[in-house]
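Look at the strands first, then at the helices. Take the pairings one at a time.

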Amino acid sequence: MLTRLKTRFSNWLFRPRIEHGTVTLTQRRIFIIPTKQGFTLCFVLVLMLLGDINYNLSLGYVLTFLLTMMAVMSMLHAFRNLAHLEVSAGRADAVFSGETAQFLLHFRNRSKLPRYQLCLRESSGDGIPTREQLSGEIRTGKIIGHIAAFRLWRRRNSDRRVVCFDVPAQQDSVVAFPLPATKRGWLETGRLTLYTEFPLGLFYSWSYLHFDTRCLVYPKPLSDAPLPLGDSPDGTGKRNITGDDDFAGLRTYVAGDALPRISWKAYARERGLQVKQFSTPVGEELWLDISNAPDRTEEEKLSRMTRWVLDAEAQGLRYGLRLPDSELPPNNGIAQRDECLRRIALFNLPQQMQP
Amino acid sequence: MNKALTYGLLLSILMVIAPHAEHLPLWVSSLCLGLLLWRTYLTYSSNPLPKRWLLMLITFAGTGGIAVNFHTLFGREVGVTLLMLLATLKLMELRKPRDAMVLIYLSCFIIITNFFYSQSIPTALYMLATLMVIVTAWVHLQAPNIALKPRLRIAAVLLMQALPLTLILFILFPRVQGPLWGMPQDAYASSGLDDKMSPGSLSRLSLSEAVAFRVSYEGKPPLRNQMYWRGPVLWEFDGRTWTLGRTALTSPPKFTELGQEIDYVVTLEPHNKIWLFALDVPNKLSVPVTLTYDFQVLRKEPVTARLRYTARSNLSYRANLQEATRQLQRGLQLPKLYNPRAQKLAAEWRANSANDAAIVRTALSYFNQQGFQYTLEPPLLGVHSVDDFMFGSKQGFCEHYASAFVFLMRAANVPARVVTGYQGGEFNDVGNYYIVRQSDAHAWAEVWLEGQGWVRVDPTGAIAPERVQLGLSASVLSNAALPFMARNPPQWMRDLRLNWDTLANQWNQWVLGYDTERQFAFLTRLGMESITWQKIALNMLAGLGLVIALFALFMLRHLITHQPDKVQAAWLKLCRKLAKYGLPRAAHEGALDYAERIAAARPELADVFFDLAVRYSALRYGANQDEQARHEFLQRAAALKV
C-alpha cells in the first residue's frame, strides 16, 4: 500500500516520460535537496550559534548568520545553475558490443550566465533499494539488511559514470554520455540525471532527462573468423583474396574499418582518418549466410557474421547477406555494410526494426 | 587535489590563524608557521605529503607540549591553541575533497574563536576578507576547473547577497542571554582596577590606553574636579597593601542635603568584576545593583559583557553624618609596627591641631610644601613604605599619596579610607561623550569629619593639581613612560583618534551591545507594538522570505530570454484553433503544406487560410519585416473564424 502510494507520489512529482526534441529545464522540472555536506554545515552552524549565545559574541552572530545566509543563497544558485537550460538529444553512433556507446546531448545556454560543473549520470535504479529487492544478495537481520542495502546502493552509486562539464554563457555544449554496450540490439539511453552541486556543494539540484534516443549495438565481431570463400555462388571456389590492386581513392574512416587500410600518410597530413579504397573486379560475389557459420549458439554465429561483413567490406568484395528472415542482395560500400550489420544486430530480437 | 585549490586553503588557514599569533605561545605560532611553509613547499615542488606516522608524532608532541605549557588540556585558551595546531596538521593530510571540506568548516570555526579576543571594527572587516578567501576556496573545491576571476566573482556575489539577509537576521533573531553553561575560568579577560592596592599597581595601569568606560552626560557635564568615579573602597592596610577587608555591617548609607543632580549614560567595558562605576554619590541606576555601606555600586554577577546603564548622581551631598562606631573603628586601624616616623608626625599634628579638619589641612599643606613630586616612575620602597616615601624619595604616584595620607590620618586618629576608581576622562567632541581610559585610574582618600560625614580628600591634588584639572599627561614630570598617544600628540592625530573612538563607540553600542533589551527598544522605535518572541520570529521569517524572493526574481528573470514573438504566437494560436476541429498541424509540416491540407479538408477556409499562411511565411522567414505587414497579419489572424 505504502509502496504504491510512494510510487504514485514520485510519478506525480517526477512525471517520468520519454521525450523527444528540445527540453527546456523549467522550474517544474528542477528538484533540489540538501546534500550530506549541507547537513554537516547545518550542524556546524548550530554549534557556532551555541557558542555565540554562550559567550555573547555579537560578531560571532554576524559570522554565523552570514554563513547561514550564504548557504541559503547557494540553494538559489544551485537551482539557477540548471534553470532554463535547453537540452536536446543528438545522435548516438552505432558501436560494437563490448564498446562504449556515446550518446550526444546538446546543451544550449541562451542566458548570460555561465553554468559550471553540471554533471550527468544514469538515474535508473535511483533511490535506496528495499531489503526485499536485495533479498538475493543479503540474508541477514532486518537492520543489518537495511545498512547493507544502503551500502550497496552507495557503492552502485559511486561507480556510476559521471560526466561533468561547463556550459559557457550564450553558447552550446555538446556532451557525450558514455554507456557500455553489453549486448547487441538497441541500447536505450534510459533516464539520465542532470545534476549540479555548484557553488558550495550544500544543495543537490537535479533534473531528469529521458530522451527517446537509442544506439544500435552490433554484435562483437569474432577475432578470428576467415571468410566463407568456398561457398561463393559462382562455384569457382577461387578468388584473388588480395584483390586490392586497383587503388580507387580515399574515404573517411568509419568505426570498424580494418587498421591496415587506414592511410597514415593522409593522417600525417592532418586530413583526418582516411581509408584506402580499392576496386574489386565485378562478378566476385560472396554470400554471407548464417547457416554457413560453424558455431553452436546463435549469438556466436552472429558474431562471426559481423566479422565476415567487416572483412568482406575491407577486402572490397561484393557481398550479400542471408538470414532466415531476410536477404540482402550482394553489393558493397558503407551503406551495404551498415545495412548488413544492422540486420545482424537486430536479428531475432523482439524490438521493432524502425530506427 | 589541485595546486591552486591547495594554495587557496593554505591562505584561508593562514588568515584565520594570523590574528591568534600574538597570544599563542611562541613555539606554537612558530610550529604552525613552519607547517604552513612546509606544506607550501610540498605543493610547489609536487612532493608527496608526509607519512602518517610522522604526522601522528607531531600531533602527539604538539598536544603534549601544549599540555605542559598550560598545565591543563581544558579551558578556552588551550582549546583555541589546540584548534590552531590541528587545523595546520589537517592541511598536511589534505588528500580527498572531504579533507578540504573539513578544513573549510574548521577555518570558519576558528574565525569565531578570534572574537574572544577582539570584536572591533577592523576585526569585522578582517573577518569579511577571510570569509571571502574561504568561500573562494570553497567554490573552487566544487568546480576544480573554474578560473580565478569567476571564482572570486561568485564568492563575492554570495557574500553580497548574504549581507542584507544577515542584517535582517541580526536585528530580528531572538536573542538569548547567555551563558548557557558554566564557563571555564579563563573565559573572560580582566583588566582594570583590582580589589587591592599596593605601590605600583595603579601606575602600571596608567600605561594602558584601553577604554574603561564611556560616559555621555545629559545636559551640562560636571566640572573636572567633580568627576570622581568610585570603584573599590579599601579599608585594611597590612603595611604595604590596601585591601577591602571584611565587615558584618551592611546598613545602607544615608545621604542628606543632596543637590546638583546629574544624569548620564555609562557604557562599561567588561572587566570581569562585580563593581560598576558611578559619580559620587549615586542616586539611582537603570540596572539592578546594591549600594554598599561605603557607597560602592555592586552587581550580582561580574560584568562579562559590555554593559550600558543610565545613572543619576548628586554631586553635592553629606554622607553618613551618623556613622556607626564600629565603622569608625575600622577607619582607624593600622599596623602599629610599621612606619614609626609617620606615626610620630601624625601624633605631632594631633597635638597641635584643634580639630580633625585642621589635621587634614595640615597634612595637605605638608604634601604641598615639602617638595613632593608626582611621577609615574617612583623608586622602590622598603618595608616601611610610608616612611620611605614621606621622608626619603618623596616621589610617588596617586596610590602613594592616597596610601600615605590615609595612614597619616589614621595615625592622627581621624577615620579615613582609600578609594580607588577613575578620575576625569578625555572629552570626545565628535561624539559628545567622555572616554575614561585605564590611564585615568586614580586613588584618593575619604575622611570622616564630625558634622560633615565622609569627605573626599585628594592628596594628589595638593601636589599636582593639574592631574585633577587636566589629566595625567599634563601632570607627570617625565612622561616618557606614557604611551605615545597619552603624551601630547599633534592635533590631527587627536582628531583622528576621537573620530575613530566615536565610531568604535557606535559599534559597541549598536553591534556588540545588541542584546534583548536593545533589540526590544530598537524594534519599538521602528514601530513594532507589543513585542513577543513569536512576533519577532514571524517578522524575521517574513523579511527573509521577501528578500530571498526578490533575489530569486532578480536572478532568474534574466535567464528567460527567449519568448515567441507575436507573429509566431498568433500563428500557433491559429493552429490550436484548427487542431480542435481535428486538423492538427504535424510537427514537420510547414505553413504552406499545412494550408494545402486545410484547403483540402475545409474548402471554405481555403482562401483566407492560404493568405494567412503566405503572410506568416513571409513575415517569419522573409527578409521584409515591415511593421504594417505584421499588423495586418495579426489582425487577420485574430479575425479568422473557424
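How many bridges join strand 6 of chain A to strand 10 of chain A, and do the two run parallel or antiparallel? There are 4 bridges, and the strands run antiparallel. Strand 10 covers residues 192-196. One of the pairs is Cys119(A) with its bridge partner Tyr195(A) in strand 10 of chain A. Keep in mind that this is a predicted model.

Strand 6 of chain A, residues 115-122, also pairs with strand 7, residues 162-167. Here 5 bridges join the two, again antiparallel. Arg115(A) has Val167(A) as its bridge partner. Leu120(A) stands opposite Val163(A), in strand 7 of chain A.

Now step back to the whole sheet. Strands pair through backbone hydrogen bonds, either parallel or antiparallel. This sheet of chain A is open, has 5 strands in the order 2-11-10-6-7, and its pairing is antiparallel. Strand 2 (31-34) and strand 7 of chain A stand at the edges. Each has a single partner strand, so one side of each lacks a neighbour in the sheet. On average, neighbouring strands of this sheet are turned by 30° against each other, direction ignored.

Helix 3 of chain A, residues 58-82, packs on this sheet. Helix 3 touches strands 2, 6, 10 and 11 of chain A. Its direction makes about 20° with that of strand 11 (203-209).

Helix 1 (residues 3-17) and helix 2 (residues 26-45) of chain B pack at about 170°, with their axes 10 Å apart. Angles over 145 degrees count as roughly antiparallel, and these two helices therefore do. Among the residues that meet are Leu10(B) and Leu14(B) from helix 1, and Leu36(B) and Arg39(B) from helix 2. The contact residues divide into 7 nonpolar, 3 polar and 2 charged.

Terms used
Residues are numbered from 1 along each chain as its sequence is written. Chains are lettered from A and ligands numbered from 1 in the order in which they are written. This is a predicted model: local features need pLDDT of at least 70, side-chain atom pairs count only at pLDDT 80 or more; totals for chains, interfaces and linings use all residues. Two strands pair if DSSP finds at least two bridges between them. Axes are lines fitted to C-alpha atoms, for helices over the stretch in contact, and angles run from 0 to 180 degrees between N-to-C directions. Angles under 35 degrees count as roughly parallel, over 145 as roughly antiparallel, 65 to 115 as roughly perpendicular and the rest as oblique. Two residues are in contact if their C-beta atoms, placed from the backbone, lie within 7 Å. Ala, Val, Leu, Ile, Met, Phe, Trp, Tyr, Cys and Pro count as nonpolar, Asp, Glu, Lys and Arg as charged, and the others, Gly among them, as polar.
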